[in-house]
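Thank you all for coming.

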Amino acid sequence: MDSSKKKSTFSWVLEFAGMYKGSYILSIIFASISVLAGFVPYFYVAKIVRGLVEGEKDMNFYLLQCGIISLCWLINKIFHSISTTLSHKATFGVLAQIRRKLTKKLSLMPLGDVLEDSSGSYKNIIVERVDSIETTLAHIIPEMISNAVVPIGILVIMFTINWKLTLLSLISVPLGMIFYSLMMVGLEESFNNTIVKTKALNDTAIEYINGIEVIKAFGKTRSSYEKFTMAAKEGADCFIEWMRRCNLWQNMALTLLPAQLLTLLPFVGVFYMSGKVDGTDAMLLIILTLGLVSPFMVVAGHMDNLKKTGSIIAEVTSILEKRELIRPKTLKKKPVGNSIEFKDVHFGYSKKEVLHGINLTIKEGSVNALVGPSGSGKSTIAKLIASFWDPDKGRITYGGVDIKDIPLADYNKNIAYVSQDNYLFDETVMENIRMGNPDALDEDVINAAKACGCHDFIMKLEKGYDTIAGGAGGHLSGGERQRISIARAMLKNAPIVILDEATAYTDPENEALVQRSVAKLITGKTLIVIAHRLSTISLADCIFVVNKGNIEAFGSQDELLKKSPLYKQMWEAHITSKDLEVA
Ligand SMILES: Nc1ncnc2c1ncn2[C@@H]1O[C@H](COP(=O)(O)OP(=O)(O)OP(=O)(O)O)[C@@H](O)[C@H]1O
């Protein structure tokens, strides 16, 4: 947030404008001409007035003035339209650039950091929040600059006509500025508060919608709805509070700042009566004063929008400044084999360390299991292997090379991560599986699906492989979703498979099907499985017992039963629960 404050909105926009800078500059030039053409008619109106006062009878004189006024009006409209079109075009380019940078940033950030924030909140910033600055950016640059220029031009002319009356016409401005400053006191805080509350409302809405199944199943509809309505009320309250704080000052400022005519008229009367100004100049001053008001109001209106844009820019900047996984672009040293080694690895979420010096070796082609009590750090170890984050201390090597020295894309090719909640995109089933290997032919996809026991149920779907999987795979059952994600991993054909063992779909039929597809997936691979049911890993080459962020013991099942009291205890508990199931 801070760094955005160092830069003005304009310099920030220009930074993103890139190839569109020219369009913005042209837009400003066209807008300035448009505004100029907008205030030239005041002179010609004054001329008409002078003609009427002085008894001019030549019709052509009036027709000429009217012609010029019409021409100016036409120029004003046409140039304004060109300016706005150019500015809109440039702004869409800038927004596309911002979105490209944001999505690129997400791909460079540690995956774990991306997953930690709700996907809804990134979507909200990338799509909606960025979109909401389009109108402001498109209008603000040409309009604000040109409308700021007009009052200055008008004032210069007014000063040349009669500087005393011009100064007197501005009496209300300092007063208005005082009220404007009062309005600005605490505005930043109130405004930021509205942003925080609106974001909270947005997150609560996303949570409510995403969790609707659980909410209904556990009868939490009322409390969850209350949380949502509370967030909505707090959102509304902070806006009302903001309005309440600044309403009076804002109205005073908006009344006084453009009130030049009110102060000018009595003085013009006095000056005219005492012969210090003639009728034409008096008229001209009155007409020019009218021309001060509307550009001024446009600028004032944009100040508010500029503030909103500033806060969105701060949100975008805060994402762009997030930490990245630093990886080289090219591979300096080729890994030898597919072994993985942790050397004194420490890792923590935020400030709390959860892994305290892990040392482990996963041999190429071996079957490995991570077991241990809930919260002991099994998933964290698996996610570090998958490069979701970097360790805070220590090293993880792949084939003898530190994974920090391997380009991320190269490393990712070696890992297939199959979790319980693998995401299915709102694409066809065919494309969802093909994501494992974008170059795979339809035939390869179908073969992978067959190997994972998906083919039959896919063929029974309304459009077979062309059926849309639905948001997060919602059109498919849990077991079906899981088998599709296993097929996707199989198509990837990565040498290392990390399997967050499923516990969710444990009906016997599905379990057998999932186990069979897993067996096909892992043939000849290095497997790391986070095991919740010990019977499934009893034959593993190496079982790592994770406890409180440490590897307490490792070895085969037989070895562990002898040397690890924790494992023995877990195994006995598992056997007992199996017996109970059978009984
Ligand atoms: N994203 C996160 N942010 C903060 N803390 C986290 C995060 N993920 C896990 N933790 C904490 O880190 C510790 C280890 O969690 P981890 O998920 O690795 O354990 P686990 O052994 O896989 O647990 P389980 O068997 O219940 O899945 C726990 O204390 C957990 O609360």
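Predicted model: local features only at pLDDT ≥ 70, side-chain atom pairs only at ≥ 80, totals over all residues.

Residues are numbered from 1 along each chain as its sequence is written.

With that in hand, consider valine 299, which, leaving aside its neighbours within four places in sequence, is in contact with Met144, Asn147 and Ala148. Valine 299 and alanine 148 are 151 residues apart in sequence, yet their C-alpha atoms are 6.7 Å apart in space. Valine 299 sits in helix 13 (residues 279–320), where helices (H or I, at least four residues) and strands (E, at least two) are DSSP runs numbered from the N terminus. Is valine 299 buried or exposed? A residue is buried if 20 or more other C-beta atoms, placed from the backbone, lie within 10 Å of its own, exposed if 12 or fewer, and partly exposed in between; valine 299 counts as buried because it has 20 C-beta neighbours inside 10 Å.

The UniProt record, an unreviewed entry, places the feature "transmembrane region" at several stretches, including residues 167–187 and 284–303, and such annotations may be inferred rather than shown by experiment. In the model, residues 284–303 are 100% helix and 0% strand, with end C-alpha atoms 30 Å apart, whereas residues 167–187 are 81% helix and 0% strand, with end C-alpha atoms 31 Å apart.

For the chain as a whole, there are 22 helices and 10 strands, and buried residues make up 31% of the 583 residues.

Turning to the strands, I will say that two of them pair if DSSP finds at least two bridges between them. Strand 1 (residues 340–349) and strand 4 (residues 393–398) run antiparallel and are joined by 5 bridges, with phenylalanine 342 having isoleucine 396 as its bridge partner in strand 4. Strand 4 also forms a hairpin with strand 5, with 2 residues between them, and glycine 399 in the turn has a positive phi of about 55°.

An open sheet of mixed pairing is formed by 6 strands in the order 6-7-8-3-9-10. Strand 6 and strand 10 (550–555) stand at its edges with a single partner strand each, so one side of each is left without a neighbour in the sheet. Strand 6 pairs with strand 7 (residues 496–500) in the parallel sense over 4 bridges, and isoleucine 415 stands opposite isoleucine 496 in strand 7. Within strand 6 (residues 415–418), Ile415 and Tyr417 point one way and Ala416 and Val418 the other way, and all are buried.

Further along, strand 3 (residues 367–371) and strand 9 (residues 542–547) run parallel and are joined by 4 bridges.

Technical notes:
Contact = placed C-beta atoms within 7 Å.
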